[in-house]
Amino acid sequence: MDRETQAEAIREATAAMADRMAAEKSTLTELDSAIGDADHGANMNRGFQAALERLEDADDAPAELVKTVGVALVSEVGGAAGPLYGGSLMKASGELEDGITAESSVAFAERYLETLEERGKASVGDKTMVDAVTPAVHTYRKAIEVDDRDPLEALGKAVDAAERGVAFTTPIRARKGRASYLGWRSVGHQDPGATSTYYLLEELLAVAEEYLNGDVEVDAEADVDPEELEEPALEDGADGGP
């Protein structure tokens with residue numbers, strides 16, 4: 001895709017994500033009410049609506065568009081979620097300075113995860129959005145760099161990995177964020193941050209299918225299982241957000 005088409009795809013993906021956050025607002029609120037502040041749905045909806053508005057006046061460079069979305073999320077999404085989602089996007093956007101390619105998309109995904117872990121001080125097994133992002137990123141990179149898959153197929157596998165990461169959060173105890181204050185009472189509840197991450201990736205895949213003229217199986221077997229990545233952290237630490 002040329003730069004103009006890439007910009008168009010980013011704008012459409014943001015619009016699709018905004019629509020999804022609006023549609024899932026109640027679901028995310030219900031999930032967050034069980035182990036958090038019951039504001040994740042409203043916050044994510046508000047953040048993406050703000051992102052849409054800011055994109056109206058943004059430059060069409062892919063990196064600038066993604067950075068603009070990140071700035072909007074930092075500004076409008078409350079609590080720890082804003083810096084986690086938005087700040088990570090802002091940092092990772094630099095990997096797209098030369099446009100979106102298979103290589104730059106892998107670098108973008110890895111930088112996003114790296115920043116997320118640094119800001120949230122969370123890892124796999126802490127019952128946060130990291131449990132969805134980590135297997136998705138690892139799967140995406142392996143599919144492209146090791147298995148020589150095209151980006152669309154790799155993204156389909158990443159979405160499946162994220163979905164399994166969401167399921168992984170339900171039976172484990174929270175060790176970061178407000179949910180950690182519940183101790184063992186957090187067991188049995190699906191993490192809202194991991195869930196919203198999965199929803200966003202689903203919308204990204206739908207738009208990618210449109211622009212890359214393809215169709216993939218979202219439930220294709222992923223190459224990375226969340227439980228195989230690393231052991232849950234044993235110590236209780238700082239607030240890691242959603």
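Ser-196 is buried, because its relative accessible area comes out at 0%, under the 20% cut-off. Keep in mind that this is a predicted model. The protein has nine helices and zero strands, and 52% of its 242 residues count as buried.

**Around Ser-196**

- Ser-196 sits in helix 9, which covers residues 192-211.
- Leaving aside residues up to four places away in sequence, Ser-196 touches Met-21, Leu-28, His-40, Met-44 and Tyr-85.

**Overall layout**

- Read from the N terminus, the elements go α-α-α-α-α-α-α-α-α.
- Take the contacts with a separation of 6 or more: 72% of them are between residues 24 or more positions apart.

**Helix 1**

- Helix 1 runs over residues 3-23 and has 21 residues.
- From first C-alpha to last, helix 1 reaches 30 Å, close to the 30 Å expected at 1.5 Å a residue.

**Helix 4**

- The 15 residues of helix 4 (residues 62-76) should span 21 Å at 1.5 Å a residue, and the end C-alpha atoms are 21 Å apart, so the two values agree.
- Buried here are Pro-62, Ala-63, Leu-65, Val-66, Thr-68, Val-69, Gly-70, Ala-72 and Leu-73.
- The cover over these buried residues of helix 4 includes helix 1, helix 3 (40-55), helix 5 (81-92) and helix 6 (102-120).

**The largest pocket**

- The largest pocket has a volume of about 1,100 Å³.
- It is lined by 37 residues, and the closest to its centre are Met-17, Phe-108, Leu-155, Leu-201 and Leu-204.
- Which elements give two or more residues to the lining? They are helix 1, helix 4, helix 5, helix 6, helix 7 (130-145), helix 8 (151-169) and helix 9.
- By residue type, the lining splits into 32 nonpolar, five polar and no charged.

- Tyr-198 and Tyr-199 are both buried.

**Arg-175 in its loop**

- You'll find Arg-175 in the loop between helix 8 and helix 9.
- Is Arg-175 buried or exposed? Arg-175 is buried, because its relative accessible area of 16% falls under the 20% cut-off.
- Arg-175 and Gly-125 are 50 residues apart in sequence, but in space they are 8.0 Å apart, C-alpha to C-alpha.

How values were computed. Residues are numbered from 1 along each chain as its sequence is written. This is a predicted model: local features need pLDDT of at least 70, side-chain atom pairs count only at pLDDT 80 or more; totals for chains, interfaces and linings use all residues. Side-chain values use heavy atoms; hydrogens and water are left out. Buried means under 20% relative accessible area, exposed over 50%, partly exposed in between (1.4 Å probe, protein chains only). Helices (H or I, at least four residues) and strands (E, at least two) are DSSP runs, numbered from the N terminus. The expected span of a helix is 1.5 Å times one less than its number of residues. Contact means heavy atoms within 4.5 Å. On a 1 Å grid over the protein atoms alone, a cavity is a set of points where a 1.4 Å probe fits but cannot get out, and a pocket is an open set with protein on both sides within 12 Å along at least five of seven lines; lining residues have an atom within 4 Å of a point. Grid points are joined across faces, edges and corners, and a volume is the space filled by probe spheres set on the points. Ala, Val, Leu, Ile, Met, Phe, Trp, Tyr, Cys and Pro count as nonpolar, Asp, Glu, Lys and Arg as charged, and the others, Gly among them, as polar.
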